[in-house]
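Subject: Structure for your files

Hello,

Here is the structure you are getting from me. Please open it first and then read the notes under it.

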Amino acid sequence: MEQPIISDPIAYEKIPTKIYKDPKEASRAVAHEIADLIKQKQKEGKNCVLGLATGSSPKTVYAELIRLHREEGLSFKNVISFNLDEYYPMEPDAIQSYWRFMREQLFNHVDIPKENYFIPDGTLPPNRIAEYCVEYERKIDNLGGLDFQLLGIGGNGHIGFNEPGSLINSKTRLMMLDHSTRAAATMDFSGELTKVPKKAITMGVSKILAAKRVVLLAWGERKAPVIADAVEGSVTEHNPASYLQTHSNAMFVVDEAAASGLKRMKTPWLVEDVEWTSKMVKKAVTNLALTLDKPILKLTNKDYNDNGLSDLLARHGQAYEINIDVFNQLQNTITGWPGGKPNADDTNRPERALPAKKRCIIFSPHPDDDIISMGGTFQRLVDQGHEVHIGYQTSGNIAVADDEALRFIDFVVDYNKQFGISSPEAEKIFEKASKFLKEGKVNEVDIPEVRYVKGLIRQGEAKNTCRFVGIPVENAHFMNLPFYETGTVQKKPLAEEDILTTMELIEKIKPHQIYAAGDLADPHGTHKVCLDAVMEAVRRLAHKNFMKDCWVWLYRGAWAEWDIHEIEMAVPMSPDQVLQKRFGIFKHQSQKDGVVFQGTDSREFWQRAEERNSATAGLYNKLGLAEYEAMEAFVRWKF
Ligand code: F6R
């Protein structure tokens, strides 16, 4: 089995933390630990008492446990499990209930007896909850306590639904949910915060800490700050996961993205001996400059020595030389010619000069990611004469408000009336859609008509952006990848047909450049699946001749930016170009003025994009390079 990247205990870290390349590998290791425990208990003729979690993090662990059951005969007959929490109030059959989650993700697929699993009851009358909670804990105690507790972690540090402020000795109880927890859950409640329950019944911190073994999972960049805080900070009620520092047998299992806030990842030279590759030097020097708030060319030997970089000086000479080298590397990433500059020496440029006119595909996970994330570069590629195609990977149809869909169907009916076009079908669709939308659909998926209309609305907006930037509408390719078409936030896993559709487009265009969204923020999210589709398609086509001349550039979505030392191409924008990009984003009217899945960030997409692009430019400037209004950044993926 794959080994974790670093498994030794590390100074600064107060909870043993294992970092794996991706959630799948990590989950496999955790599932095997659970399986071994179950088997050991079987040998001893004992029950195995598990504490289980819901949420996106443990899904891959459950998938592996199911595989072990199906393919390797792992039996769950001796397992007794207690879930951490349940929304309150919540009917067990509701789509968001943790009852339903557990049955769908695990229990229905293994041989655990029905009477062996317990999940807090979201249907109790209020006056019975306190007594129920005491009984829930008593049941666990009577079985000798939890042998193993699996945890996820909230962005605010909650474990179970023990929100910040929960005490270390807190018991199982009804808890008011934090605003941030509810906002993060809106995705599961048709995007509407008001539908998210305000409370939940949660196992208390003390019961979690009483488990003989605790393993906490975290995937994706969004968890990085809270993980770093829990592992390296002090024990505090402000981050309940930090209570695990007091447990003698707890472990965090994280992927690289969730680990990225830890000192051993951010400043590894302070923690252990590192190999001073050119990338590591760039990382250390940019970090030093930003920490000291000094431009790179002003860093001195003393700055290096005082900040844990004497080893670097010893190997690479004077600060003066290292500074110039890193400064030049950064300078060479900046280009106003993302498709390469014709007739120019390209030795130190991010892109090749030839061919002067390139064919490019921009893969856009949703219909607006192209303009939001790389609108300035998109415009430059077009203005500089390249043949630009956009592969819109998904329809984005779940992120359109119902009234918007109705407005468009109504428009079609009115339009037909106005021009004397007889259209009983259009009227029928209007009737059907308005009836469906009026009746409310808390747990339901949109009927196909409504979904198609929503998809068409987004398609129209994307076409509008293409016209605005100046590419023919035929260059907009709506791929409608099947993994996305579930009508719910929950998507299917990437499948062969998604990869084949992606390969087909690449083969048709034979691009010199591919741009793809390289987001790691949410490893289960649409962007990551879309990236996996592109990467797999590229790998499978790599042997073809045209691919030898194809470079892949990754951009970041609306949330996070690449670390400055990772950036290999930075495309600057003038104030006018920033404004132009904003107008391009405005073409996506269904995504303006409060979107369906707003999440915890209330800014509009154009604001997020502008703030991020100006922050990137600001970083370059802080490091002593020229001051630009904004910049879009890319990393090259070498396949
Ligand atoms: C779920 C639970 C929560 C989640 C946490 C992270 O039973 O108790 O603490 O583990 O909110 O959720 P995900 O894994 O969806 O990021």
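The notes below go from the whole chain to single residues.

Please keep in mind that this is a predicted model.

Overall build

The protein chain falls into three parts: domain 1 (18-264), domain 2 (267-331) and domain 3 (359-399 + 445-637). The centres of domain 1 and domain 2, taken over C-alpha atoms, are 42 Å apart. In secondary structure, the protein chain holds 21 helices and 17 strands. The C-alpha trace spans about 85 × 80 × 45 Å along its principal axes.

Of the 639 residues, 55% count as buried. The accessible surface of the protein chain is about 27800 Å², and carbon and sulfur atoms account for 51% of that. As for charge, there are 79 positive and 89 negative side chains, and the centres of these two sets lie 1 Å apart.

Backbone points to check

Most residues other than glycine have a negative phi, and most peptide bonds are trans.

- The peptide bond from tyrosine 88 to proline 89 is cis, with omega near -5°. Proline 89 sits in the loop that runs between strand 4 and helix 3 (98-105).
- The peptide bond from leucine 354 to proline 355 is cis, with omega near -5°. Proline 355 belongs to the loop between helix 13 (319-331) and strand 11 (359-364).
- Aspartate 293 is not a glycine, yet its phi is positive, near 55°. The residue is in the loop between helix 10 (278-292) and helix 11 (301-306). Aspartate 293 has a relative accessible area of 55%, and it counts as exposed because the cut-off for that is over 50%.
- Asparagine 480 also has a positive phi, near 45°. Its loop connects strand 13 (476-478) with helix 18 (496-509). At a relative accessible area of 36%, asparagine 480 is partly exposed.

Buried residues

Which residues does phenylalanine 82 contact, leaving aside its neighbours within four places in sequence? They are Val49, Leu50, Gly51, Leu52, Phe118, Tyr136, Lys139, Ile140, Leu143, Leu146 and Met203. Phenylalanine 82 is part of strand 3 (residues 79-83), and with a relative accessible area of 0% it is buried. Its C-alpha atom is 26 Å from that of histidine 238, a residue 156 places away along the chain.

Glutamate 86 is in strand 4 (residues 85-88). It carries a side chain of the kind counted as negative, and at 0% relative accessibility glutamate 86 is buried. Apart from neighbours within four places in sequence, glutamate 86 is in contact with Ser97, Tyr98, Trp99, Pro120, Gly122, Ala200 and Ile201. Glutamine 384 is 298 residues from glutamate 86 along the chain, and their C-alpha atoms are separated by 55 Å.

Leucine 262 lies in the loop between helix 8 (256-259) and helix 9 (263-266). Buried or exposed? Leucine 262 is buried, at a relative accessible area of 0%. Beyond its neighbours within four places in sequence, leucine 262 is in contact with Glu13, Thr17, Ile19, Ile227, Ala228, Val231 and Glu232. One of these, threonine 17, is 245 residues away in sequence, while the C-alpha to C-alpha distance from leucine 262 to threonine 17 is 10.0 Å.

A residue in domain 2's stretch of the chain

Asparagine 307 is found in the loop between helix 11 and helix 12 (310-316). It counts as partly exposed, at 28% relative accessibility. Not counting residues up to four places away in sequence, asparagine 307 touches Trp269, Leu270, Leu288 and Leu292. Alanine 284 is 23 residues from asparagine 307 in sequence, and the two are 10.0 Å apart, C-alpha to C-alpha.

That covers what was found.

Regards

Technical notes:
Residues numbered from 1 in each chain as written. Predicted model: local features only at pLDDT ≥ 70, side-chain atom pairs only at ≥ 80, totals over all residues. Heavy atoms only, no water. Domains from an automatic or database assignment. Helix = DSSP H or I, 4+ residues; strand = E, 2+ residues; numbered from the N terminus. Buried < 20%, exposed > 50% of the residue type's maximum accessible area, 1.4 Å probe, protein only. Areas by Shrake-Rupley, 256 points an atom, 1.4 Å probe, with all protein chains shown as cover. Charge placed at Lys NZ, Arg CZ, Asp CG, Glu CD. Contact = heavy atoms within 4.5 Å.
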